[in-house]
Amino acid sequence: MLYSQSGQDSVLRVLFGDGRRIFANHFFTKADVYYHSGFYPSIFDQAGAPRENHLAAEGDHEHEEHEEEASFLSRPRDFLEAFGRHFIITQHTHLANGQEREILPWLKLSAELDPQMVDSYTVGAYWLANKLGKVKEAEEFLREGLRANPTSHQILFSLGQLVYKNDHDTGSARNLWELALRRWREQELQKKDPDNISLDKITVNLAHLEENEGNIDRAIYYLEQARKVSPFPQKLEKQIQDLKGKLPPRSQ
Amino acid sequence: MNIVIAISNVVIKELYRRKDFYVLFVLTALITLLLGSVSFFHDDKIIRYLKEICLLLIWVSGLLITIGTTARQLPAERENRTIFPLLAKPVTRAQVILGKFAGCWLASGLVLLVFYTFFGIVTGSREHQWPFLNYVQVLLLQWCMLGIVTAFVLLGSVVFAAPSSNATISFVLIIGILLLGRHLNHIALQQREPLQSLVYTLYFLIPHLEWYDVRQFIAFDQPLIPWIYCGLATLYAAAYACLLLFATWLVFRRKALNL
C-alpha cells in the first residue's frame, strides 16, 4: 500500500485532491520548457500533435527526430503573426554547461505536489547525477521518491544505476535491479500495455553487470529476457551468441 | 499643454498617496525574497525561476495599479463634483482626458521603474550581472502596453456605469488578449464560417498586447530584440492609444456630467 513520505497527507494535499496533480503535471512540463529556454509549443500548437516531454526522454531520441518534433512553428499565416514572432523565443536550444540546474525547482515542486509522480524523481536524479555532478543529492531525491513509492521499479532502477556508475557498488546495484525486476513483474505483467522499455533497461543493465562480474550464465539469461521486448532483438542476439562463445564447452 | 501637465501631476500625486502601490510592492518584494531564500538541492546559482515569478508579479501589479488608478479617475471627478470647476477653468473635455491619460500612464511608468529597480537589485545580487539594456527594453515595452491599457480603461470609464464594472471587464478582456491574442488566428482557422470570419476579424481588430510581454527574454537570458521592432511596436501602441483616446473624447464630449 502506498503512503506519503511523512506517513500522513498535508492539509493542502487533502484539500486540493486531484487538483494538485494537475499542477504537478504543469510544473513537470515547466521543467521541459526551461530545458528548452522558453522555446515551447503552447496548448494550441500541441493540440495538433501531442508532444512528448523531452526532459524525460533525453538520450532516447535521435537528433533529427527531436528537431522535427520541436519545429512546431509553421509559416506565419498573416503579417501580424509574422511581426509577433519577433517578440517570442524562436530558437530551439537546450540548457548545457551546468545551466541544467534551472529545471530543478520545477521538478522538486512537481514531486512535492504529487509524490506519486515517479518521473519527477527519476528525471531530477538523472540531471543531478549525470549533468550537475550532484550524486549525493540525486540519491537523496531518489530515496525520497522511494519512500513515497516503495514499489516503483523505475525509481529502484535509477537508484541502481546511480550506485553502479558512481559508487561502483556492484552488490547494491544488483540487489536494486533484481528488486526492480521483481516489482516490474508484479505490476506490469497483468497490464494490457506493460512498460517494456523499463524491462529492457533493467535486464540489459543486469546482463552487463553479470558479464562484468564473470557470471556469463546469468548475463545470457538476462539478455534473453531483454530480447523478448527489445526494439533491437538482433543486436541482443549477437551479444548472446558472443557470450555463449565465452562459456566453457560443457555449459553451452 | 500646461493644463494637461497640471492634471497629470494630480494623478501622479494620487498614486503615492494611496495604499495600492505600497501594498502590491511589499507583496511582490516579500514573495520574491521568500522564494529567493529557498535552496534547491544545495545550489545557490538557480535564478531563472525567481526571475520568472518576480516578473509575473510585476506584470500583475502593473496591470492592477494601472487599471485601478485609471478606472476611478473620471467617475471620481463626477462623484466629488470636481469636474465642474475643472471644466470651468476653462479646461476642455479633451484636455481632461489627455491629462488623465498622461497622469495615469506616467504613474504606471514610475511604478514600473520602482519594481524593475527592485528586480534588478535582487537578480543582480544573485547573478552578479546586470543586462541593463535588456531590462530597459522589457520595461519600455511593458510601459507601451500599459499606455494602451490606460487608454482602454479610460474609454471604459465613460462607457460603463461604475469603476468596479469597468475595472473588472477591462481586466478580464486584457488578460484574455494576453493569453489568446497570439492564437486567435489559429483558433479561427479551426472554426466553420461565419464564425471563422468573425474570429479572424476580431484577431485583426484587437490590440496585440501579447507582443509587449517579453518576460521570457529576461527569464531565459535571451539576446536583445532588435530595436527596430521595438520601435514599430511602440508606434503600434501609440496608434492604438490615440484611437482609444479619440473614442473616449467622442463619448465624453456628449456625456452629461451630473449624476
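Mentor: Start with the helix labels. Helices are DSSP runs of at least four residues, numbered from the N terminus. In this predicted model, Arg81(B) lies in the loop between α4 (73–79) and α5 (83–87) of chain B.

Trainee: What makes Ser37(A) buried or exposed?

Mentor: Buried takes 20 or more other C-beta atoms within 10 Å. Ser37(A) has 21, so Ser37(A) is buried. Ser37(A) sits in the loop between α2 (19–35) and α3 (43–48) of chain A. Its phi is positive too, about 50°, and Ser37(A) is not a glycine.

Trainee: What makes the peptide bond from Glu193(B) to Pro194(B) cis or trans?

Mentor: Look at omega. For this bond omega is near 0°, and the bond is cis. Pro194(B) is in the loop between α9 and α10 (195–205) of chain B.

Trainee: How many residues of chain B are in contact with chain A?

Mentor: Contact needs C-beta atoms within 7 Å. By that test, 22 residues of chain B are in contact with 22 residues of chain A. On the chain B side, α3 (48–71), α9 (184–189) and α11 (215–219) each supply at least two residues. That side has 11 nonpolar, seven polar and four charged residues.

Trainee: Where in chain A does pLDDT stay under 50?

Mentor: Over residues 1–8. Chain A averages a pLDDT of 86, and 83% of its residues score at least 70.

Terms used
Residues are numbered from 1 along each chain as its sequence is written. Chains are lettered from A and ligands numbered from 1 in the order in which they are written. This is a predicted model: local features need pLDDT of at least 70, side-chain atom pairs count only at pLDDT 80 or more; totals for chains, interfaces and linings use all residues. pLDDT is the predictor's confidence in each residue, from 0 to 100. Two residues are in contact if their C-beta atoms, placed from the backbone, lie within 7 Å. Ala, Val, Leu, Ile, Met, Phe, Trp, Tyr, Cys and Pro count as nonpolar, Asp, Glu, Lys and Arg as charged, and the others, Gly among them, as polar. A residue is buried if 20 or more other C-beta atoms lie within 10 Å of its own, exposed if 12 or fewer, and partly exposed in between; C-beta atoms are placed from the backbone.
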